[in-house]
Amino acid sequence: MLKETSKIWMDGKFVDWKDAKIHVLTHTLHYGLGVFEGIRCYKRGDGSVIFRLKEHVDRLFSSAHICHMKIPFTREEIQEAIKETVRINKLEECYIRPIAYIGYGDMGLFVKSNPICVAVAAWPWGTYLGEEGIKKGIRAKVSSINRHHVNISMTRAKVCGYYVNSQLAKREVVTDGYDEAIMLDTDGYVSEGPGENIFIVRNNVLKTTPLTSILEGITRDSIIQLAKEKGITVVEARFTRDELYIEITPIREIDNRQVGAGKPGPITTTLQSAFFDIVRGSDKKHKDWLAYI
């Protein structure tokens, strides 16, 4: 269950959590055309910081633009709404969910007069795959559900409806006893997970899927930058599922095959440490990634 907080920002004003409601005939609820972001706020010794706030808000607006949705607020107003949502709820660490959606009005696939609504919520929420997964790695399975083709959906946009695809993949592999899915593109190459980009480590080279059929992840970009700063070679290239079986971390098992030593390897732990040192405050680099509350 969600850990309820006090207030949610809706279209320029704060409402009580229990009153943050929409009509059952809200357009996005029926047709899935809405855009959102998932943002983290971390507690540091010098205060709480939102990780790469500007980049997340920029991607929200880019997603809306791709979908012909005009957000009725400026980027700066949405950034401030996000900060104020964290402040008003007195949160030191949290997950933040801004969403823009097509509101109540006409029905049908093409509507012109419905309002574009925006909401921002924040609540305490742990890591996506759990702290145990970060430390020890997870069990994954290649899903039979393919990732979107670039000419079927606009893969650069983070659209609500696209996550039906993610949910189907996740449900399939969790039913089979795994922690997470790995999804292939429509050509049979490794694409990404239901909610994350994928990196593999092989021969001390960090390889990741190119920006063809995947969402341009902000954490992905951060990891690439940190790897280069650590002197780790980074390659963006397509690869097949059998290459995953050879060496990938922190996934410790794929399709009942142990990977590597069955635990996170040195490059993974190095990059994990570099990332958390920045967001937790022991490393003072990349201050431009952090928006203080």
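Two strands pair if DSSP finds at least two bridges between them. Strands (E, at least two residues) and helices (H or I, at least four) are DSSP runs, numbered from the N terminus. The model is predicted: local features need pLDDT of at least 70, side-chain atom pairs count only at pLDDT 80 or more, and totals for chains, interfaces and linings use all residues. Residues are numbered from 1 along each chain as its sequence is written, and side-chain values use heavy atoms, without hydrogens and water.

**Exercise 1.** Find the strands that pair with β7, and state the sense.

Solution. Start with β6 (residues 94-102): this strand pairs with β7 in the antiparallel sense, over eight bridges. Proline 98 stands opposite valine 120. Next take β1 (residues 7-10), also antiparallel to β7, over two bridges. Here tryptophan 9 has valine 120 as its bridge partner.

**Exercise 2.** Decide whether β7 is enclosed or open.

Solution. Count buried residues (under 20% relative accessible area, 1.4 Å probe, protein chains only; exposed is over 50%, partly exposed in between). In β7 (residues 116-123), eight of the eight are buried, so the strand is largely enclosed by the rest of the structure. Check each face: Ile116, Val118, Val120 and Ala122 are buried on one side, and Cys117, Ala119, Ala121 and Trp123 on the other.

**Exercise 3.** Locate the buried side of α5 and what it packs against.

Solution. List the buried residues: Asn165, Ser166, Ala169 and Val173. They cover an arc (directions from the helix axis to the C-beta atoms) of only 100°, which puts them on the same side of α5. Now the contacts (heavy atoms within 4.5 Å): these buried residues pack against β8 (138-142) and β9 (180-184). The face turned away carries exposed Arg171 and Thr175.
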